[in-house]
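Please open the model in your viewer and follow the selections below in order.

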Amino acid sequence: TPETSREPCPDRILDDVGGAFGMGAVGGSVFHFLKGTYNSPNGERLLGGAQQVRLNAPRVGGSFAVWGGLFSAFDCTMVFVRQKEDPWNSIIAGAATGGFLSMRQGPGAAGRSALMGGCLLALIEGAGLMLNRVLAAPQNLPPHAPATRAPCGGRELRRRG
């Protein structure tokens with residue numbers, strides 16, 4: 001399974017931080033380059049796009065890295081506490097990450113963010129399980145019976161009565 005092929009838990013956190021930073025930096029670069037070129041005057045669009053990437057992509061990458069690191073740390077904590085790897089660990093880790101990152105806005109905002117994080121991860125885990133089920137090779141199918149031909153070359157004979 002994909003879960004068992006990952007790094008063991010303490011190393012997994014660092015791997016996830018790096019992967020999340022890379023995804024955020026690349027996605028933020030594309031987004032902010034397009035935004036910078038759109039908002040720059042004619043003749044300076046490339047320069048404006050490059051400047052926006054330089055200013056914003058590291059920030060977006062860092063935000064993704066923080067989210068990925070917290071999520072991975074909570075996921076590893078759940079694996080340790082529950083002594084098993086299943087989708088519930090990710091769902092609980094998503095809720096904990098959302099709530100933890102919104103703590104400064106108060107308990108109401110933290111609760112809403114935790115609920116949204118849990119729901120988002122439940123949707124992702126559910127989609128992954130459904131995709132695995134669809135892509136898995138069907139097993140124990142009955143053998144396919146060979147096609148039989150109708151008598152007289154495919155024409156039916158009518159009985160006269």
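At what angle do helix H1 and H2 pack, and how far apart are their axes? Select residues 9–39 for H1 and residues 45–82 for H2: the two pack at about 155 degrees, with axes 5 Å apart. Helices are DSSP runs (H or I, at least four residues) numbered from the N terminus; axes are lines fitted to C-alpha atoms over the stretch in contact, with angles from 0 to 180 degrees between N-to-C directions. This is a predicted model, in which local features need pLDDT of at least 70, side-chain atom pairs count only at pLDDT 80 or more, and totals for chains, interfaces and linings use all residues. Residues are numbered from 1 along each chain as its sequence is written, and side-chain values use heavy atoms, leaving out hydrogens and water.

H1 and H2 are therefore roughly antiparallel (over 145 degrees).

Then go to glutamine 83, which follows H2 and has a positive phi, near 60 degrees.

Finally, select H3 (residues 87–101) and H4 (residues 107–135), whose axes come within 6 Å and cross at roughly 150 degrees. H3 and H4 are therefore roughly antiparallel to each other. Their contact (heavy atoms within 4.5 Å) includes Gly94 and Gly98 of H3 and Gly117 and Leu121 of H4.

Note on methods:
Parallel < 35°, antiparallel > 145°, perpendicular 65-115°, else oblique. Expected span 1.5 Å × (residues − 1).
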